Amino acid sequence: MMLEIQDIKKRFGKKEVLRGVSFQVEKGDFLAIIGKNGAGKTTLVNIICKLLKQDSGTISYSFHEGQLYNKIGVQTQSGDFDDRLKVQDMCELWRKIHKVEKEQVDQLLEKFDLSEVKKQYIKTLSGGQKQKLNILLSLINDPELLILDELTTSLDAISRHEMRKYLKMLNSQGKTIIMVSHYMDEVEELCNKVVLMRDGIVESTSTPNELVGNSYSNLQEYFVKSV
Ligand SMILES: Nc1ncnc2c1ncn2[C@@H]1O[C@H](COP(=O)(O)OP(=O)(O)OP(=O)(O)O)[C@@H](O)[C@H]1O
């Protein structure tokens, strides 16, 4: 097992945003976390990657917690970058932190069509380019577990298609992926497990096929009609 999440609770002021969330992630899973705006998805993934601390509950990782930043790659929704940095500065910083070869970073820059903008300040990139930089950085340490929060949201149709292919490939090579997504076609295409969140609890953990069942023609229809 890669992760075991047990009874996670989190409140912001009076609002209990996570009210006892539990599920497991197996090695090799491509798991989607879905749910309406405000259901608690981002709060949960931020807790999983320790950007945020839960009030109670536990998360057990398959590796020692001291190795967290070597084993996990994180692309978060905020993706705040220092405005004074250029793309290449950021890559260099990350490369040094994780002690990887320059060639590896150059390959990733090529892969994500960012080679041509590497001398630009990050603040001058488009939203989609920033997203690509985000995932590039999350992959630099070749993590076992990749956590993606609405990765494809700002991407154009071609980039989104490419990104899906790429994520599929990463998963087929053995990476475990947890992805928050609002694109149900993407979830249906990529994921073997879906955690459906509603008002801070896990309503169900199942496969996309199980959710669609006999009553709906696809996951999008299921989501619109029953979530
Ligand atoms: N730092 C914070 N302080 C106060 N409230 C917060 C904070 N972060 C999140 N919340 C609240 O917690 C709830 C859940 O937010 P969260 O971002 O986890 O939802 P989400 O499911 O990821 O939503 P979306 O699909 O819109 O990204 C929301 O009501 C939000 O306003």
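**Reading strands, helices and cores**

User: In what sense do strand 3 (residues 30-34) and strand 8 pair, and over how many bridges?

Analyst: Strand 3 and strand 8 pair in the parallel sense, over four bridges. Two strands are taken to pair if DSSP finds at least two bridges between them. Strands (E, at least two residues) and helices (H or I, at least four) are DSSP runs numbered from the N terminus. Within this pair, Ile33 has Val195 of strand 8 as its bridge partner. The model is a predicted one, in which local features need pLDDT of at least 70 and side-chain atom pairs count only at pLDDT 80 or more, whereas totals for chains, interfaces and linings use all residues. Residues are numbered from 1 along each chain as its sequence is written, and side-chain values use heavy atoms, with hydrogens and water left out.

User: Which strand does strand 8 join through five bridges?

Analyst: Strand 8 is joined by five bridges to strand 9, and the two run antiparallel. Met197 has Val202 of strand 9 as its bridge partner. The two strands form a hairpin with two residues between them, and Asp199 in the turn has a positive phi of about 45°. As for exposure, a residue is buried under 20% relative accessible area, exposed over 50% and partly exposed in between (1.4 Å probe, protein chains only). Strand 8 (residues 193-198) is mostly covered, with five of its six residues buried.

User: In what order do the six strands of the open sheet stand?

Analyst: The order is 5-6-7-3-8-9, and the pairing is mixed. Strand 5 and strand 9 (201-206) each have a single partner strand, so one side of each lacks a neighbour in the sheet. From one strand to the next, the twist averages 15°; axes are lines fitted to C-alpha atoms, for helices over the stretch in contact, with angles from 0 to 180 degrees between N-to-C directions. Strand 6 and strand 7 (residues 176-180) pair in the parallel sense over five bridges, and there Leu145 has Thr176 of strand 7 as its partner.

User: Why is helix 5 described as largely enclosed by the rest of the structure?

Analyst: Helix 5 is largely enclosed because 10 of its 13 residues are buried. The buried residues include Gly128, Gln131, Lys132 and Asn134. Contact means heavy atoms within 4.5 Å. The buried residues of helix 5 pack against strand 5 (72-75), helix 3 (87-98), helix 4 (102-111), strand 6 (145-149) and helix 6 (157-172). Helix 5 lies across strand 5 and strand 6, running at about 170° to strand 5. From first C-alpha to last, helix 5 reaches 19 Å, close to the expected 18 Å, which is 1.5 Å times one less than its number of residues.

User: How many residues does the largest nonpolar core have?

Analyst: In soluble globular proteins, nonpolar side chains tend to be buried together. A nonpolar core is a set of buried Ala, Val, Leu, Ile, Met, Phe, Trp, Tyr and Cys residues joined through side-chain atoms within 4.5 Å. Here the largest has 44 residues, and Phe112, Leu133, Leu136 and Leu167 have the most contacts inside it. Its largest share, five residues, comes from helix 5 (residues 127-139). Another core, of 28 residues, lies apart from it and includes Ile5, Ile33, Ala39 and Met197. Not counting residues up to four places away in sequence, Leu167 touches Phe30, Ile135, Leu146, Leu148, Leu151, Ile177 and Leu190.

User: How many aromatic pairs does the structure hold?

Analyst: There are three. Rings of Phe, Tyr and Trp (its six-membered ring) pair if their centres lie within 6.5 Å; planes under 30 degrees apart count as stacked, over 60 as edge-to-face and the rest as tilted. The rings of Phe112 and Tyr166 have centres 5.2 Å apart and planes at 85°, so this pair is edge-to-face. Phe112 lies in the loop between helix 4 and helix 5 and Tyr166 in helix 6, so the pair ties together parts 54 residues apart in sequence. Phe112 counts as buried at 5% relative accessibility, as does Tyr166 at 11%.
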